[in-house]
Amino acid sequence: MKIISGKELAAKLKKNMAKDVSTYMARFGRLPKLSVILVGEDPGSVSYVTGKAKACQEVGILNNTIRFTDTITEAELLKKIEELNSDNTVDGILVQLPLPKHINESRIIEAIEKNKDVDGFHPLNVAALWNKNDCILPCTPKGIIKLLKSENIEIKGKNTVVIGRSNIVGLPVGKLLLDENATVTITHSRTQNLPQVASEADILVVAIGKPKFVTPDFVKQGAVVIDVGVNRDIETGKLCGDVDFEACAEKTSFITKVPGGVGPMTICCLIENTLECFLKHL
Ligand code: NAP
């Protein structure tokens, strides 16, 4: 069994990006810039946004975090997005989710200029992904494929099972695996006999948001297990994944850990997307 370290891969990729970025000022006369909007004080969201700002610093790109209290109206938020859309010095715009209930998230995501949508959540980017057209890939699914490839794990022809069908993880990761010529089963809360379905997977990707949900009976001997979940362990209060790592690890050939697995790759791909947007806008 080998633990695939997203932390190490992300550090390596960020170092390479930093090297490229160090030439940008001389070549292009300006640096890429990511603008992040944070509404409210949710500790999880604050911590994600801090991580994103830190990654921008590491790679040497510009970042500004625009903070609003959770009393901001939808109209005010839309106005700010419009400003950022028309600001030529801003290459990437990200609105940290979730937003307060009185704000319509879909309307906000749709308002972001498609070519600055570094999260890859805009409906036109999603449509382009499913139509196999040029698009900005969503960060977490993109990071998962990079993790698999970094270990030379064969995806083509493999039986892959994704647990979870959210728009931001389960569905797009299923699509990217399909594009790599895997056979893909996407499962969800109504799937019958889930442990049995999962235990047929050569590659199992879990994104449900339930601490230690996946137990050894979900895992085929020698399977690759990618744990996307970020949860608090009910007993210890520590961060943990959707997979019971201690119980499942020895059955796997490769497994990711939480923290230090998919999470750092998501941020790394966010920075990569920002650089791609910058280069396209030149
Ligand atoms: P989500 O939108 O809440 O979707 C959860 C999915 O899990 C749904 O499709 C749901 O099925 C399915 N599900 C829930 N309970 C289930 C059960 N008992 N059996 C089978 N399927 C079940 O969650 P998400 O946004 O995809 O996030 C999932 C997890 O990944 C969370 O812990 C989140 O924090 C984490 N995450 C991590 C990163 C990262 O970078 N590491 C990025 C994004 C998300 P239905 O569709 O039938 O309801």
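**A guided tour of the predicted model**

Begin by selecting lysine 212, in the loop between β7 (203–206) and β8 (223–227); strands such as these are DSSP runs of E with at least two residues, helices are runs of H or I with at least four, and both are numbered from the N terminus. The model is a predicted one, in which local features need pLDDT of at least 70 and side-chain atom pairs count only at pLDDT 80 or more, while totals for chains, interfaces and linings use all residues. Residues are numbered from 1 along each chain as its sequence is written, and side-chain values use heavy atoms, with hydrogens and water left out.

Lysine 212 is not a glycine, yet its phi is positive, near 55 degrees. With a relative accessible area of 36%, lysine 212 is partly exposed; buried means under 20%, exposed over 50%, and partly exposed in between, with a 1.4 Å probe and protein chains only.

Next, select asparagine 193, in the loop between β6 (183–187) and α9 (194–198). Asparagine 193 also has a positive phi, of about 50 degrees, although it is not a glycine. Its relative accessible area is 53%, so asparagine 193 is exposed.

Then select isoleucine 255 in strand β11. Is isoleucine 255 buried or exposed? Its relative accessibility is 0%, so isoleucine 255 counts as buried. To see how far isoleucine 255 is from leucine 13, select both: they are 242 residues apart in sequence and 20 Å apart in space, C-alpha to C-alpha.

Two cis peptide bonds come next. Select leucine 97 and proline 98, which are joined by a cis peptide bond with omega about 0 degrees. Proline 98 is in the loop between β4 (92–95) and α5 (105–111). Now move to valine 258 and proline 259, where the peptide bond is cis with omega near 0 degrees. Proline 259 belongs to the loop between β11 (252–256) and α11.

Colour the two domains: domain 1 covers 28–114 and domain 2 covers 139–262, with bounds that come from an automatic or database domain assignment. Their centres, taken over C-alpha atoms, are separated by 29 Å.

Which residues have the most contacts inside the largest nonpolar core? They are Ile144, Leu148, Leu177, Val205 and Ile226, in a core of 51 residues. Such a core is a set of buried Ala, Val, Leu, Ile, Met, Phe, Trp, Tyr and Cys residues joined through side-chain atoms within 4.5 Å. Helix α11 gives the most to this core, ten residues. Both domain 1 (28–114) and domain 2 (139–262) contribute residues, so the core lies between them. In soluble globular proteins, nonpolar side chains tend to be buried together.

Finally, select the ligand and the 22 residues around it, of which Arg165, Ser166, Ser189, Val230 and Thr266 come nearest; a residue is near a molecule if one of its heavy atoms lies within 4 Å of it. Helix α11 (residues 262–281) supplies the largest share of this shell, three residues.

- An oxygen atom of the ligand is 2.7 Å from an N or O atom in the side chain of arginine 165.
- A ligand oxygen atom lies 3.0 Å from a backbone N or O atom of valine 230.
- A ligand nitrogen atom is 3.4 Å from a polar backbone atom of valine 228.

Terms used:
Polar contact = N/O pair within 3.5 Å; in protein donor to acceptor, adjacent residues only side chain to side chain.
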